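User: I would like to learn how to read helix packing and a ligand site in a structure. Could you take me through it slowly?

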Amino acid sequence: MIHGTGVDIVDIGRFRKACSRWGEAIKRKLFTGDELSYCESKKDPELHLAARFAAKEALYKAMGDDTCTGAFRFIDVEVLKAPGGRPFIKAKTLKAGFTVHLSISHDGGYSIAQVILEKK
Ligand SMILES: CC(C)(COP(=O)(O)OP(=O)(O)OC[C@H]1O[C@@H](n2cnc3c(N)ncnc32)[C@H](O)[C@@H]1OP(=O)(O)O)[C@@H](O)C(=O)NCCC(=O)NCCS
């Protein structure tokens, strides 16, 4: 059954400004090494980082109460890629018994992510 859904949209320009204001430290606080490697291999890393930020926010919205084993931290939520490019989420502190479905898109200066959280 569906436990919850979440969607989040990020203005890439605002995200870019925040990254340049706060520097590398903020990226290391929010994103894992594998996420940074993937995004930094792209022509416009902030576009892909913004989508990952949106994905983490969207998961938080989908989770609601009583689904986390501890505090919800962005660094514990990782957006990875399956062969073929489909993104998926690995969330360290999500309780067992849930499956996360993720979709990402970028256009017109915005990155958007949608999460559907399924309870087995
Ligand atoms: C993969 C594809 C759907 C991406 O769509 P797009 O409009 O180019 O780009 P969007 O900005 O909407 O989406 C990009 C995101 O799609 C996701 N994505 C990439 N490959 C994917 C796949 N195979 N399945 C699901 N999502 C995928 C990624 O998360 C990517 O963002 P990221 O690089 O930051 O992780 C597109 O490039 C594609 O291959 N389309 C095939 C269309 C087709 O074959 N049409 C035939 C009609 S007959």
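**Helix packing and the ligand shell**

Analyst: Let us begin with a contact, meaning heavy atoms within 4.5 Å: E35, L36, Y38, C39 and E40 in α3 meet P45, H48, L49, R52 and K56 in α4. Helices here are DSSP runs (H or I, at least four residues) and strands likewise (E, at least two), numbered from the N terminus. This is a predicted model, in which local features need pLDDT of at least 70 and side-chain atom pairs count only at pLDDT 80 or more, while totals for chains, interfaces and linings use all residues. Residues are numbered from 1 along each chain as its sequence is written, and side-chain values use heavy atoms, with hydrogens and water left out.

User: At what angle do α3 and α4 pack?

Analyst: Two packed helices are described by the angle between their axes and the distance between the axes. Axes are lines fitted to C-alpha atoms, for helices over the stretch in contact, and angles run from 0 to 180 degrees between N-to-C directions. Helix α3 (residues 33-40) and α4 pack at about 140°, with their axes 8 Å apart.

User: How do the axes of α1 and α4 cross?

Analyst: The axes of α1 (residues 12-22) and α4 (residues 45-63) come within 9 Å and cross at roughly 100°. These two helices are therefore roughly perpendicular to each other, a term for angles of 65 to 115 degrees. In this contact, I12, F15, R16 and C19 of α1 meet E46, L47, L49, A50 and F53 of α4.

User: Which residues are around the ligand?

Analyst: A residue counts as near a molecule if one of its heavy atoms lies within 4 Å of it. Around the ligand are Y38, H48, R52, K81, G84, G85, R86, P87, I104, S105 and H106. Strand β4 (98-107) and helix α4 each supply at least two residues of this shell, and β4 gives the most, with three.

Methods
Angles under 35 degrees count as roughly parallel, over 145 as roughly antiparallel, 65 to 115 as roughly perpendicular and the rest as oblique.
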